[in-house]
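Student: I have a model open and want to go through one chain of it. Can we start with overall size and then work inwards?

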Amino acid sequence: MDFLQTLKIALRALRTNKMRSFLTMLGIIIGIAAVIAMMAVGSGASYVISQQIASIGSNIILVIPGSTTSGGLRMGMGGAQTLTSDDVKAIMAECPSVLRSAGTTRATSQVVYGNMNWSTVIMGASPELFDIREWPVSSGRSIGQQDVDGAAKVCLLGETVADNLFGDGDPVGKMVRIKQIPFTVIGVLERKGQSPQGTDQDDTVFVPLRTAQVKLSRSSFPNTVGAVLVQAKSEELLDKAESEVNSLLNQRHRITNGKEPDYSTRNLSEILAVAEQSSRAMSLLLGAVASISLIVGGIGIMNIMLVSVTERTREIGIRMAIGARRNDILLQFMTEAVLLTMIGGVIGICLGGAGATVVSRFLSWPTLISIESITIAFFFSGAVGILFGLYPARKAAGLNPIDALRYE
Amino acid sequence: MGIVISLNDIHRVFIMGGQRFEALKGVSFSVAEGEFVAIMGASGSGKSTCMNILGCLDPPTAGEYLLDGLNVGGMDPDQLAAVRNRKLGFVFQGFNLLARTPAVENVELPLVYAGLHARERRAMAMEALQQVGLAGKENNHSSQLSGGQQQRVAIARALVNKPAVILADEPTGNLDSTTSDEIMGLFTDLNRRGITIIMVTHEADVAAYAGRRITFKDGEIIGDTR
């Protein structure tokens, strides 16, 4: 018996009981739609995280000053001013696994242009920072070594700052004031988006490091930096670079055994890898929960197929008497079950995709529907049909033709 | 003329709820090509059991059954299905057509399982419908046909694979007397064209159409008249 004929018979059987077929399918439709939507939401989240990982640059170690105790008050991590520009240079010079290092300072201030003003983060930066963070300018030029060396009063604007101060106008060459000091805008940075912590990375103004240390900071130690970004030469050398930095700084800061270091290092990629892993686990979990509904749908299929076999016992008897082999009958009912689940699967995929789109449109939650998840969902729905259709189909094929013919 | 069916000392024992019931107690007869045989008997006489064995739907407990020279004993269900498909045509009391299926597709059904191509199937089915006088009704569903017409479709289905024997189980049981006569006329006609027919009935006037009458009682043949 050819497959086309089997398919035709199965389609006729499904058409005969349209409402029942639809209701049976509904379980699969909902299950597949849930799986597709959940996977879309989950992988959307991990996509965002991996974008954020890329946005901070690769193979990065962050060095921040340790806590200080000032008059009995412990100030918390990063409060001390223990890292200097000399540390940055030493890391670069003496750690063989380090590709680049960049010291930064950070302060919050009002930036004024004409009658517009905007409160933002002012970061002191050296040219290496933009290499490490893979952050080019979209117009103008970036901060150069000569700007740092000469403590030039120039600045780079993040997109958000540029938008808020200049609107559609071109900021390059214009003059802005930070803490009453006029700065020339030399460029605007490309859009970077959210940081893994959720802050807007484009809401920043960069000034040369030396300018920030000498002109903007009122610190009595103008050589200090707020944080050091260190880039290892490769991912494999990341741990080695971290320990090199640690031993160098211990030596420079005279940290001996038993003494608490006045700085700390953090491997950023590692932190984010953990975040990515947890979001992936989350999407797997969502998928697993959704596939429970698929199993429930499959049981519904089995139930209806059993009813159908009982109802059509006589038809099975006729077919057997006329010469249908057991496999013909088995295949016929299997085809029916798989057709049910596959049609349900396709509808579910469309519905799940639509659901994911609605979620991303109205809840501004990023979703990503991969070809992979569609393929998996499609074949999974087929597998549900095979799994739950097998028992009823075997029951049909195992009928005794005489009993089946006599069945009322 | 060749022998189409040969039963040799056929026994059929049912065991139900621990009780042994012998439905056939050593039945032997043979049917030659072109015969029209009526199997008669009261209910419980073993005629239906005999028919099931003849139809390869039920294996005998003991004895030998040769169908068109083929020993049917010891075949597995799939081999029996193939034998039914190629050598036998069934006509049932309740017509047993597929609902919501056009007449021509009902007639095609044995050919579907025989693995014939669609075009070939259609041509053979149309020819069979013509033979039973239903040309032009091929697209009607069974609900759109009268009882007599439905039985004609069933006969066409039994004919279509050019079987060695047509087995008819009370073919007029659900029909009024006029339609019964028509159907029996059709059987007689087919038999005259050389088709072997074995028919189970308990009505003497229906059996009268057959050239040979075998009578069963209590699992044994008590009469075989020509």
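Tutor: Chain B has 226 residues, for which a compact globule would have a radius of gyration near 17 Å, and the chain agrees because its own value is 17 Å. That radius is taken over C-alpha atoms, and the globule rule is 2.2 Å times the number of residues to the power 0.38.

Student: Where do these values come from, and how are things numbered?

Tutor: This is a predicted model, in which local features need pLDDT of at least 70, side-chain atom pairs count only at pLDDT 80 or more, and totals for chains, interfaces and linings use all residues. Residues are numbered from 1 along each chain as its sequence is written, while chains are lettered from A and ligands numbered from 1 in the order in which they are written.

Student: How many helices and strands are in chain B?

Tutor: Chain B has seven helices and ten strands. Both are DSSP runs numbered from the N terminus (helices: H or I, at least four residues; strands: E, at least two).

Student: And what percentage of chain B counts as buried?

Tutor: 48% of the 226 residues. Buried means that 20 or more other C-beta atoms, placed from the backbone, lie within 10 Å of the residue's own.

Student: Is strand 7 of chain B covered or open?

Tutor: Mostly covered: strand 7, residues 165–169, has five of its five residues buried. B:Val165, B:Leu167 and B:Asp169 point one way, B:Ile166 and B:Ala168 the other.

Student: Which strands pair with strand 7 of chain B?

Tutor: Strand 6 of chain B (residues 88–91) pairs with strand 7 in the parallel sense over four bridges, where pairing requires that DSSP finds at least two bridges. B:Val91 stands opposite B:Ala168 there. Strand 8 of chain B (residues 196–200) also runs parallel to strand 7, joined by five bridges, with B:Leu167 opposite B:Ile198.

Student: New topic. How many residues of chain B are in contact with chain A?

Tutor: 19 residues of chain B are in contact with 15 of chain A, contact meaning C-beta atoms, placed from the backbone, within 7 Å. On the chain B side, helix 2 (77–87) and helix 3 (103–114) each give two or more residues. Helix 2 of chain B has the largest share, six residues.

How values were computed: Contact = placed C-beta atoms within 7 Å. Buried ≥ 20, exposed ≤ 12 C-beta atoms within 10 Å, placed from the backbone.
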